[in-house]
Amino acid sequence: MFLAMLKKIKKEGCDKTKHHLPISEADLEILRNCGVFSTDCPKSLQRKVWFDITLNFARRGRENLRQLKFDCFNFAQDENGCEYVEMAYNESTKNHQGDNLKDRDFECRPRMYASGGASCPISSLRKYLELRNPKTDHLFQRPKDSVQNGVWYNSAPIGERTLNDMMKVISKDAGLSRVYTNHCVRATTITLLSHAGVETREIMKISGHRNESSIRSYNTDSSSTQKRAYSGIIQGQKPALPPSAAAGSEQQMLQLQNSNQVPAVIDQRHFANSYGFLNQVANHRQFDIHNSVVHVHNYYGGNQSA
């Protein structure tokens, strides 16, 4: 009867279920450039640290936020000398509560690496920890209205409601296309990795999912870039390039023609930028496999290809 009712609702056009949507590419760009994650004031610095932690560790929207302490992260370097941050202990989460012996065999130690520049998550976290109030060990403390003696935050922790509505407030202040929730950031992490071709098993090591079927609910839809591409293919048109992307593509094509050399590595930004450079290449072919877009192209239009 339950299944029959679900079918009836769908036939009547009343199925309007909305899962936690990932943050769109355009809104991610707005977040990076609008100043809502500035490191120059207490509130925006705290927002950036929260967003970086939630995005890089695929944290659930409201899980354990109030319990995080200032010493819950380890700063370290890998064998190549690259700096990263990871959790100092294994948290009790929805899928891993510690009451199952199988949890001992599950390793979930994601890392947040330094990216360099003003938006580096490691630099932001270091600055945040240096400016926190030493009187309490809470990670998320209430921002001060006025900065004094190099301390930007009060000793009192942020309220649970404020933490739970963090992404909603950020969405409104940044003027995003829609109001996102905290859990949308987790969905964004999984979607970005999946669209980049990362295997589901590897994504599980970051998200902490127990099985692969759980991740599919986050990645059931194609990205806006993919949808534009599919629509253009159906209509027999090439997707329109933004002026900046088109200018960059023409410039790189001229450099390629003048040098008569095929670049060994193509910048990943071209893949993420609405076809970017690849649309200008002769004999370009495209097909999809396992939720990834594969491009095959010939730089010279002849037998020599890459």
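Predicted model: local features only at pLDDT ≥ 70, side-chain atom pairs only at ≥ 80, totals over all residues.
**View 1. Helix 3 meets helix 7.** Here you're looking at helix 3, residues 42-56, packed against helix 7, residues 182-195. On the helix 3 side, the contact is made by Trp50, Phe51, Thr54 and Leu55; helix 7 brings in Asn182, Val185, Thr188 and Thr189. Sort the residues of this contact by type and you get four nonpolar, four polar and no charged.

**View 2. Helix 3 meets helix 6.** Helix 3 also packs with helix 6, residues 166-174. This time the angle is about 120° and the axes are 11 Å apart. That makes helix 3 oblique to helix 6, with a left-handed crossing. Look for Arg47, Trp50 and Phe51 in helix 3, which meet Met166, Met167, Val169, Ile170 and Asp173 in helix 6. The residues of this contact split into six nonpolar, no polar and two charged.

View 3. The structure holds five aromatic pairs, and one of them is Phe37 with Phe51. Their ring centres are 5.0 Å apart and their planes are at 35°, so this pair counts as tilted. Phe37 lies in the loop between helix 2 (25-33) and helix 3, while Phe51 is in helix 3 itself, so the pair ties together parts that are 14 residues apart in sequence.

View 4. Now for some strands: three of them form an open sheet in the order 1-2-3, with antiparallel pairing. Strand 1 (73-77) and strand 3 (112-113) are the edge strands, each pairing on one side only. Strand 2, residues 83-87, pairs with strand 3 over two bridges. To find your way around, spot Tyr84, which stands opposite Tyr113 in strand 3.

View 5. Strand 4 (residues 141-148) and strand 5 (residues 151-157) run antiparallel and are joined by three bridges. A handy landmark is Pro143, whose bridge partner in strand 5 is Tyr153.

Methods:
Residues numbered from 1 in each chain as written. Heavy atoms only, no water. Axes fitted to C-alpha atoms, helices over the stretch in contact; angles between N-to-C directions. Helix = DSSP H or I, 4+ residues; strand = E, 2+ residues; numbered from the N terminus. Contact = heavy atoms within 4.5 Å. Nonpolar A, V, L, I, M, F, W, Y, C, P; charged D, E, K, R; others polar. Pairing = 2+ DSSP bridges. Phe/Tyr/Trp six-rings, centres within 6.5 Å; stacked < 30°, edge-to-face > 60°. Parallel < 35°, antiparallel > 145°, perpendicular 65-115°, else oblique. Left-handed = near helix turned anticlockwise from the far one by under 90°.
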